[in-house]
Amino acid sequence: MIRSITQQKRDEELDQLLDGLGRVFIVGCGTCVTLTRTGGVPEVAEMKRTLSSKGKIITGDVVLPVACDNLTKEALAEYGGQIRQADALLIMTCAFGIQTIANHSDKLVVPALDTLFIGKETGLGQFDEICTQCGTCILGETGGVCPVTSCHKGLVNGPCGGTNNGKCEIDEAKDCAWTLIYERLKALDRLGSMKKLQKPRNHQGEPSPGKFKL
Amino acid sequence: MIPSFKEALESGKFVVTSEVAPPKGTNLEKMAHHIELLKDKVDAMNVTDHQSSVMRFPSLGGALMVKEMGGEPILQMTCRDRNRMALQADLLLAASRGIRNVLCLTGDSVVLGDHKEAKGVFDLDSSQLLAAIRGLEKGKDLGGSDLDGSVSFCAGAIVTPEANPLEPQLIKFEKKIEAGAEFIQTQAVYDLDNFKKFMEYAREFPARILAGIILLTSAPMARFMNKNVAGVTVPQELIEEMASAGKGKALAKGIEIAGRMIKRIRDEKMCDGVHIMAIGKEDKVPEIMTAAGLL
């Protein structure tokens, strides 16, 4: 399942964002941020304790089932009284949730998290980015491993000189995408597609910001 | 006029290239000193492009300086910092000012350098940059538009003969040659028996190969490279040889080893020449060449 992967902002940044905002309503989410333990029930409770100890008044809190869903509008309406008393909403969801909430509330929204990437859980507690929605899919030539996403440099013609024993030059915890692609294509007896000189990528597959109408 | 690097490559002689590194700042004295020292001794000088992703005086500026001082520059161009428009524009400028050689590199990640939060561009990769050069030579840019006045370059690339796994590197090597690489400067090699095996494969391709020689300056430096530089392996016996040098004599030992390796590569006709990387010790290149019997 697609997951939005988040990480809590550093305390100093959060303190700065909340400076002068004495009354805060906290919003968490029961989906991705619960999985990544950045905005579920326990994390919202911990945030309440932390902010209270720093002198903030918590006017209320809620963990929405799916913050990026349009039902968020109704869910927030139920907490109208507590939200009205707040100077700001501190949002412990990913950026999809933050923007959905901002669309349905006239309150200032303050993100408690940074959204790192859209990825999936590939092992217990391990999340990987596997698609950057480039609009020009080449998975058919790379054995189903995406070099645009999984290669740090997004290279489409094979590994750079920084590849090291199957790992990436920027982090030995990260696999070299082109080693994975090579192994996969070799097993499929399709190394021919790796030998094909790929043209420069079209970086405007869908010019940013993406918009699509059915 | 000094012979071009292309002429040197085609002459059949044992070709020697070296590097000059542009400074961090506008004080060009040290680079000028290295150019002056090397320009009549080597066949061409690579000018590095923000090596290790550390922001410096540009390689194009350094290459122009080599040219102005009467040397033969090889302009190193990485794809890290410029998109296809900027790369092509710089190639037009280089061609208009008489720079005849380009080494195409993908480039290190910005994360490894001193501007860690910068955007890494990588709009093109090294093989696509080579293909872009061959396109410009035919009068067309990457957008398909006609040029008013084209370019002509001796273009090259790199390969890492000791990469692990090796085959993906070799596939890329073949793509670089298909894209138009006329010469290849290798990542540093130390195990020459291994390199000979690589050359048995590589010499079948229509590109001149220059073996990369990095000057060892101490045993810890060799160990550091083994740990931190992808695709570089200094064998244990060379590390021990470096360590055996007396206090203050490690650099002399490194020069001796580099000279000995170059001599063997030349004597056994392993490849078409060498590319000497003295990383910060460019003034030692003449001594390395003397040790190799080249001066």
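Modeller: A cavity is a set of points, on a 1 Å grid over the protein atoms alone, where a 1.4 Å probe fits but cannot get out, and its lining residues have an atom within 4 Å of a point. The model is predicted, so local features need pLDDT of at least 70 and side-chain atom pairs count only at pLDDT 80 or more, while totals for chains, interfaces and linings use all residues. Residues are numbered from 1 along each chain as its sequence is written, chains are lettered from A and ligands numbered from 1 in the order in which they are written, and side-chain values use heavy atoms, without hydrogens and water.

Biologist: How much space lies in the largest cavity?

Modeller: The structure holds three cavities of 30 Å³ or more. A volume is the space filled by probe spheres set on the grid points, which are joined across faces, edges and corners. For the largest cavity, this space is about 130 Å³.

Biologist: Which residues lie closest to the centre of the largest cavity?

Modeller: The lining of the largest cavity divides into eight nonpolar, four polar and three charged residues. Here Ala, Val, Leu, Ile, Met, Phe, Trp, Tyr, Cys and Pro count as nonpolar, Asp, Glu, Lys and Arg as charged, and the others, Gly among them, as polar. Of the 15 lining residues, the closest to the centre are Cys151(A), His152(A), Cys160(A), Cys168(A) and Cys176(A).

Biologist: What is the volume of the second largest cavity?

Modeller: Residues of chain A, including Lys153(A), Arg201(A) and His203(A), and residues of chain B, including Phe122(B), Asp123(B) and Gln128(B), line the second largest cavity. Its lining divides into four nonpolar, three polar and four charged residues. The volume is about 50 Å³.

Biologist: How many residues of strand 6 of chain B are buried?

Modeller: Helices (H or I, at least four residues) and strands (E, at least two) are DSSP runs, numbered from the N terminus. Buried means under 20% relative accessible area, exposed over 50%, and partly exposed in between (1.4 Å probe, protein chains only). Strand 6 of chain B covers residues 183-188 and is mostly covered, the buried count being six of six.

Biologist: Which residue in strand 7 of chain B stands opposite Gln185(B)?

Modeller: Two strands pair if DSSP finds at least two bridges between them. Strand 6 of chain B runs parallel to strand 5 (residues 154-159) of chain B, with four bridges, and Ala157(B) has Ile184(B) as its bridge partner. Four bridges also join strand 6 of chain B to strand 7 (residues 208-214) of chain B, again in parallel. Opposite Gln185(B) stands Leu210(B).

Biologist: How far apart are the closest N and O atoms of Glu241(B) and Lys253(B)?

Modeller: A salt bridge is a side-chain nitrogen of Lys or Arg within 4 Å of a carboxyl oxygen of Asp or Glu, and 34 are found over all chains. Glu241(B) and Lys253(B) are both buried. In their salt bridge the closest N and O atoms are apart by 3.7 Å.

Biologist: Is Lys9(A) buried or exposed?

Modeller: Lys9(A) forms a salt bridge with Glu13(A), at 2.9 Å between the closest N and O atoms. Glu13(A) has a relative accessible area of 28% and is partly exposed. Lys9(A), at 10% relative accessibility, counts as buried.

How values were computed. 1 Å grid on protein atoms, 1.4 Å probe; cavity = no way out; pocket = protein on both sides within 12 Å on 5 of 7 lines; lining within 4 Å.
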